[in-house]
Amino acid sequence: KSSDSGFTLSRDAFDFENFAVGYDASRMTPDLAARMFGADRVCDATVSTDGNCQPTTGAQGWIEGVTASLANGRCEGMAVLSQLMFLGDLKAKDFGDDTARDLTLARNFDLQRELAYWFATQLVPGVVKNEKYMPKDVLPFLASFLKPGATESYRIGMVQKLPTGFGLSHSLTPIGYAAGESDGIYYIRVY
């Protein structure tokens, strides 16, 4: 048994690697936070006189927390943005090319900012639905949306468990699965 969502690496996956540094526009800014939560909740109207968002103390703290998280990479932003383009909710054309695969990061400040924006969504309380599955239960769940024409998508978050809590993490986009060489063994294809 196998299934494929239709997500094609040669068209729908970015042709650049996850990155932590090197693209200065790929960071959380007051303007991106205002886009996410609304200017009335982020910007301190008593401070701004030049039309730029001056974040409130609380908003600035959140922005700094996101910035600290970005120091580990943009994997969630890449996973979310590539899925949104695949589903047609956003267009690669809006960032300069026909497909996600054709987009480049160098001097593409809109794309850099968009990756930071979608990365940050995982840090908004209540946005991420933390489904927890035992390995044997994952495939039935994934099979419900890993098929052509599915209108819903998910990402897989992997987290390193340490004796003192949790360590490094990584986000992946599941794009298909296939039966393995024996009963009960399946391989999940990811981007």
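This presentation describes the fold of one protein chain, first as a whole and then element by element.

Let me begin with the basis of the work. The model is predicted, so local features need pLDDT of at least 70 and side-chain atom pairs count only at pLDDT 80 or more, while totals for chains, interfaces and linings use all residues. Residues are numbered from 1 along each chain as its sequence is written, and side-chain values use heavy atoms, with hydrogens and water left out.

I turn to the chain as a whole. Its secondary structure consists of seven helices and five strands. Here helices (H or I, at least four residues) and strands (E, at least two) are DSSP runs, numbered from the N terminus. Read from that end, the order of elements is β-α-α-α-α-α-α-α-β-β-β-β. The C-alpha trace spans about 65 × 45 × 30 Å along its principal axes.

How much of the chain is buried? Of its 191 residues, 35% count as buried. Buried means under 20% relative accessible area, exposed means over 50%, and partly exposed lies in between, with a 1.4 Å probe and protein chains only. The chain exposes about 11400 Å², and carbon and sulfur atoms supply 52% of that area. These accessible areas come from the Shrake-Rupley method with a 1.4 Å probe; for residues, only the protein chains shown count as cover.

Contacts tell us how the sequence folds back on itself. Among contacts (heavy atoms within 4.5 Å) between residues at least 6 apart in sequence, 62% join residues at least 24 apart.

Next come the strands. As a general point, strands of a sheet pair through backbone hydrogen bonds, either parallel or antiparallel. In this chain, three strands form an open sheet in the order S1-S4-S5, with antiparallel pairing. Two strands pair if DSSP finds at least two bridges between them. Strand S1 (2-4) and strand S5 (186-190) are the edge strands, each pairing on one side only. On average, neighbouring strands of this sheet are turned by 20° against each other, direction ignored. For that angle, axes are lines fitted to C-alpha atoms, for helices over the stretch in contact, and angles run from 0 to 180 degrees between N-to-C directions.

Three bridges link S1 to strand S4 (residues 174-179), and Asp4 stands opposite Gly176 in S4. On pairing with S5, S4 forms five bridges, again antiparallel; there Tyr177 faces Ile188. S4 and S5 form a hairpin with six residues between them, and Gly184 in the turn has a positive phi of about 80°.

Strand S2 (residues 156-162) and S3 run antiparallel and are joined by six bridges. Ile156 has Leu172 in S3 as its bridge partner, and the hairpin from S2 to S3 passes through two residues.

Leaving aside neighbours within four places in sequence, its contacts are Ala79, Ser82, Gln83, Arg155, Arg189, Val190 and Tyr191.

Let us move to the helices. In helix H2 (residues 30-37), the buried residues include Leu32, Ala33, Ala34 and Met36. The buried residues of H2 pack against helix H3 (39-42), helix H4 (57-70) and H6. Gly38 follows H2 and has a positive phi, near 100°.

Two residues of one loop deserve attention. Leu90 lies in the loop between helix H5 (75-87) and helix H6 (109-120). Leu90 counts as partly exposed because its relative accessibility is 21%. Beyond its neighbours within four places in sequence, Leu90 is in contact with Leu81, Leu84, Met85, Glu114 and Trp118.

Arg107 is also found in the loop between H5 and H6. Most residues other than glycine have a negative phi. Arg107, however, has a positive phi, near 60°. Arg107 counts as exposed because its relative accessible area is 70%.

I close with the charges. The chain has 18 positive and 23 negative side chains, and the centres of the two sets lie 5 Å apart. Lys and Arg count as positive and Asp and Glu as negative, whereas His and the chain ends are not counted. Each charge is placed at NZ of Lys, CZ of Arg, CG of Asp or CD of Glu.
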